[in-house]
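Q: Can you take me through this model, beginning with the ligand and then the helix packing?

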Amino acid sequence: INSKLPEVSTTIFTVMSKMANEYDAINLSQGFPNFDVHPKLIDLVTQGMKKGYNQYAPMRGLMSLREIIAEKTNSLYGSKYHPDTEVTVTSGATQAIFTIIAAFIHPGDEVIIFKPAYDSYEPSIKLFGGTIVPVQLSAPDFKVDWQDFAQKITNKTKMVIINTPHNPSGTMLSKEDMLTLEKLLKNTNIVVLSDEVYEHIIFDGQEHQSVAKFPGLAERSFITASFGKTFHTTGWKMGYCLAPKELMTEFRKVHQFNVFCSNHPMQYALAEYLKTAEHYLSLPGFYQQKRDLFLSLIKDSRFTFKPAAGTYFQLLNYTKITDERDVAFAERLTKEHKIASIPVSVFNLNQQDDKVLRFCFAKTDDTLEQAAEILCGI
Ligand code: PMP
Ligand code: GLN
């Protein structure tokens, strides 16, 4: 077989979750909540099915859902996206990301990404003949060196992918970062893919800096969002993307032949559920309690950390424990200590090993307590 992705194997999320099951370990590797979805949201899906939302949804998404997404974006970021032409409902953020790349990347186009990066970006770019131009961010701060970034812009640069709050580091881009990016991209035709799936999972009273708030960025950007993260439903694979009309028109040309449309009764349910803004506005407090609980329980362990600023991931540095590579240590923790995590080097340029593991704290307090007890004994 003449593989289009010869270097790609099973993702680290599948590998670590499988290992966690095999060794009966607490699974803080793959990012997903282990607590219940709000019963009202489940009832609304059933209601949608009973009301007859059982056939194809409109290609762009149910209008009532697109309308409320546009309202929410306007109220949070002061930016206007037209529900008819600038909002599309997708089957999770991953499908939106893939479709954006498919719609815009020609062979030879360069795409700047920041490493460590969510694992779907690179294979999607390669499938369409794009060239990845990485900018490495390093522990513990993961700050962008904008001079390094600026040097990587060429006349072949077609797209830049940013992700804030950032998986796996839990850091966020600041207003200054966004203004710098806006300035550097001025007078170019570069498209920005802004992966904002953790927009509501932010701590310590910080503000999420969406590209929607920066006109010079918004005019060239796609925003991807995920209901999986926001409503604890990663298995539903529901999300959306936003972009100015000219960009969205190209997106939809591909989207209609990719999935055509997304799950219809779930779109009905999400449109109803979004009417109560508290459902997403309560998320920072909800997850901050979990982050703080987890960190307070492991503060006397030999792991060291900077508290995550956003996302439901916490990086822990283990240099006081061992000098093993992170992949080997993550495997040993799973097999011997019964706790699974994600080694961050798998997302880095040249597998750079910063000796940090990623732990997902989207778990019940009980699970976090059990996990902390193990970590304190290592
Ligand atoms: N981007 C990032 C940064 C993510 O962490 C995830 C979820 N792991 C996604 C995109 C994909 O979201 P979804 O599950 O909605 O496809
Ligand atoms: N986004 C999730 C994470 O970072 C995993 C998604 C997946 O399994 N593909 O853990």
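**Ligand shell and helix 4**

A: Helix 4 (residues 92-104) gives the most to the shell around ligand 1, with three residues. Helices here are DSSP runs of H or I of at least four residues, and strands are E runs of at least two, both numbered from the N terminus. The model is predicted: local features need pLDDT of at least 70, side-chain atom pairs count only at pLDDT 80 or more, and totals for chains, interfaces and linings use all residues. Residues are numbered from 1 along each chain as its sequence is written, with chains lettered from A and ligands numbered from 1 in the order written.

Q: Which of the 14 residues around ligand 1 come nearest?
A: Gly92, Ala93, Thr94, Tyr118 and Ser226. Near means that the C-beta atom, placed from the backbone, lies within 6 Å.

Q: What's the shell around ligand 1 like by class?
A: Nine polar, three nonpolar and two charged residues. Ala, Val, Leu, Ile, Met, Phe, Trp, Tyr, Cys and Pro count as nonpolar, Asp, Glu, Lys and Arg as charged, and the others, Gly among them, as polar.

Q: Switching topic: how do helix 4 and helix 10 cross?
A: Their axes, lines fitted to C-alpha atoms over the stretch in contact, come within 9 Å and cross at roughly 120°. Helix 4 is therefore oblique to helix 10; angles under 35 degrees count as roughly parallel, over 145 as roughly antiparallel, 65 to 115 as roughly perpendicular and the rest as oblique.

Q: And what does UniProt list for residues 24-374?
A: An unreviewed entry gives "domain: Aminotransferase class I/classII large"; such annotations may be inferred rather than shown by experiment.

Notes
Axes fitted to C-alpha atoms, helices over the stretch in contact; angles between N-to-C directions.
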